[in-house]
Amino acid sequence: MLTDQDIAGKFGQFGGRFVPEALIGALDELERTHNEAMSDPVFLAELAHLNATYVGRPSILTDAKNFSKHCGGAQILLKREDLNHTGSHKINNVIGQALLTKRMGKKRVIAETGAGQHGVATATAAALMGFDCVVYMGEEDVRRQSLNVARMKLLGAQVVPVTSGSRTLKDAINEAMRDWVTNVADTHYLLGTVAGPHPFPTIVRDFHSVIGNEAREQVLALNGKLPDAVLACIGGGSNAIGIFNRFIGDAGVRLIGLEAGGDGIETGRHASTISGGTVGVLHGTRTYVLQDENGQTVESHSISAGLDYPGVGPEHAYLHDLGRAEYRSVTDAEAMEAFALLSKEEGIIPAIETAHALYGAMVLGKELGRDATILINLSGRGDKDVQTAAAWFGIEL
Amino acid sequence: MAGQSKLSELFIKCKLENRAALIGYLPAGFPNQSDSIKIIKAMIEGGVDAVEIGFPYSDPVMDGPVIQEAAEVARNNGITMAKTLDIVKEISATGVPTLLMTYWNPIEKYGPEKFAHDFSAEGMEGVITPDLPIEEAGVWLATAKENSIHSIFVVAPSTGDGRLKDVTSNCSGFIYAASSMGVTGTQTNVANTASTLVERVRKISDTPIAVGLGVSNRAQASEVAKFADGVIVGSAFVKAVLQNPSDPATAVRKVAEELSLGVRER
């Protein structure tokens, strides 16, 4: 009999594969395809070519000198994933998985989306490569992110509003899993974060690690030394793993993930899974989960649709337990303060998700002082959030 | 344990009677605690041979809209593991083999050992775990064995030959063969893919095989009974409850009566 130790895809006690039997074959095929692809020079060349000529990589590094004064004078370096095609880091993973989809000979992709960024990126890649595309999106998020819904439709994707449960990202994932169980023979589930069953946390990390690979070189070229800390916002945790990955071996570099604190952890209305959750199984992986005493998932709350998720990638759970990464919580109000400051000081409107990391830098910069260098993954741009921000700040549209 | 449980005796008895066993599924606490017990008892009166009580979970990825709705109703009406334990006690007291179907996280949260101990003490004979692949089941298999609980896993049409051996050799009580690729309640031509899968399992295992997913009426039950040892029906019972709010017990009894004729028409 097999034991837990025989299984690939574990991060300490976290990760693994908790899925219906009908999906095991597809996950095995995906794992095999990914492993082969990552050691195939032809695949890697095609990925690099698309990154350079379609996504717009490498993304630049911006020294945010004006914003710095709100961060105790620390040097603030922004890794500009917002400048990627489609406006966020999500495209990195999508292009990689789309190439895997082609390699597996599948013609249909499905995806879940919260803020709509992953849905837009998936619809984009599907248009480019000629796949049929269905995006599942919670009804609540369809309302919050109507601009991205329109973008997906323009790109030729079908957007299915999900009306079950909390009508957000969690339920969109459930619905995508049900579609996949039913149509697995010709369909690839293009999962958008480092959560879910093995091999997704590994695949998504691999395709996003380009962020940290570039950023580490860029910071070294600029400063001649590594940053003191690397910050990123955490929902499922894909942009954070992407920028953390290359720095994990650099013991002197602090890695800090900023979770969505909603109204504050103490109110129970938040999405801070690591800071406020317990170990459990959700969406096929063992990780930290917001759950009650019966093992029922508790609904998360955040102003940011992309962070509004009651689970987190298993590798983050592992990095937390190891003490290699730190996880802090940022409330809606704090994130919106940082959102406004970056917009006014630097002329960069960030995604509300990203604003959580920016607020983290405002706190950390004051702790570390002006000699410190803080690298932030500016994971997405805020165009999609204009309505939410206008409502928050009382701007009439 | 095998051979001593009521579940194993049931499959022996059905073989002697040249028929398939009818296994009926309903969620615990649906539509509420007291009615749930009455309705499950009506299902037994109608001719169900074994009962599969589902624990309503917030993220049921293997379930279609009908069972999702039922789970939501039960959760809104306050179902808990403790209340599910009370239902198991009431139902197993009728003498019918009583099983639990639950996603893994509620067991993990309750504590697998405490769960096995508490529920087997109240007469639960087996657990179906639809999202616990055999690779993740090491601890559970040992715990179930220690507490004389049947561990029942699902095999799917997509399960490869090597894997089929691994999964079925760890099943006890029966093997749950998913009739098709899909979630519960989907309407498909059940018989073709199911009979192929059952044939493949027969070649490598002597454990009884029950077919589930998409069986909803007498004709389908009869078709499946021709090649399987058990027929599992869920969504049809849930639908009967949802569509007959004034007298769900009678509606469920009628569905069970029809199906129990089906499993005898081989």
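This is a predicted model: local features need pLDDT of at least 70, side-chain atom pairs count only at pLDDT 80 or more; totals for chains, interfaces and linings use all residues.
User: Why is the pair Lys170(A) and Asp59(B) called a salt bridge?

Analyst: The side chains of Lys170(A) and Asp59(B) come to 2.8 Å, N to O. The cut-off is 4 Å between a side-chain nitrogen of Lys or Arg and a carboxyl oxygen of Asp or Glu, so the pair qualifies. Across the interface of chain B and chain A, the rule finds four salt bridges.

User: How many residue pairs are in polar contact between chain B and chain A?

Analyst: The count is 21 residue pairs, both residues being at pLDDT 80 or more. On the chain B side, the elements that give two or more residues are α3 (65-76), α5 (104-110), α7 (138-146), β6 (154-155) and α8 (161-169). With five residues, α5(B) gives the most to that side. By class, the side of chain B that touches chain A has 19 nonpolar, nine polar and 10 charged residues.

User: What makes up the contact, and how much area do chain B and chain A bury between them?

Analyst: Chain B supplies 38 residues and chain A supplies 37 residues. The two chains bury about 3100 Å² between them, with 49% of it on carbon and sulfur atoms. In chain B, the residues that lose the most area to chain A are Val61(B), Lys109(B) and Glu136(B), together 20% of what that side buries.

User: Why does the pair Lys102(A) and Glu46(A) count as a salt bridge, and where in the chain do the two residues lie?

Analyst: The closest N and O atoms of Lys102(A) and Glu46(A) are 3.2 Å apart. This is within 4 Å, and therefore the pair is a salt bridge. Lys102(A) is in helix α3 (residues 90-104) of chain A and Glu46(A) is in helix α2 (residues 41-55) of chain A; the two are 56 residues apart and link distant parts of the chain. Over all chains, the structure holds 40 salt bridges.

User: What lines the largest cavity, and why is it called a cavity rather than a pocket?

Analyst: A cavity is a set of points where a 1.4 Å probe fits but cannot get out, whereas a pocket is an open set, so the term says that the probe cannot leave. About 330 Å³ of space lies in the largest cavity, and the count comes to six cavities of 30 Å³ or more. Its lining has 31 residues, and those nearest the centre are His89(A), Lys90(A), Gly306(A), Leu307(A) and Glu353(A). By class, the lining of the largest cavity has eight nonpolar, 18 polar and five charged residues.

User: What makes the phi of His283(A) worth a note?

Analyst: Phi of His283(A) is near 50 degrees, a positive value in a residue other than glycine. Most residues other than glycine have a negative phi. His283(A) is placed in the loop between β12 (278-282) and β13 (285-289) of chain A.

Note on methods:
Residues are numbered from 1 along each chain as its sequence is written. Chains are lettered from A and ligands numbered from 1 in the order in which they are written. Side-chain values use heavy atoms; hydrogens and water are left out. Contact means heavy atoms within 4.5 Å. Buried area is the accessible area (1.4 Å probe) that two parts lose on being put together, summed over both. A polar contact is a pair of N or O atoms within 3.5 Å; within protein, one must be able to donate a hydrogen and the other to accept it, and residues adjacent in sequence count only if both atoms are side-chain atoms. Helices (H or I, at least four residues) and strands (E, at least two) are DSSP runs, numbered from the N terminus. Ala, Val, Leu, Ile, Met, Phe, Trp, Tyr, Cys and Pro count as nonpolar, Asp, Glu, Lys and Arg as charged, and the others, Gly among them, as polar. On a 1 Å grid over the protein atoms alone, a cavity is a set of points where a 1.4 Å probe fits but cannot get out, and a pocket is an open set with protein on both sides within 12 Å along at least five of seven lines; lining residues have an atom within 4 Å of a point. Grid points are joined across faces, edges and corners, and a volume is the space filled by probe spheres set on the points.
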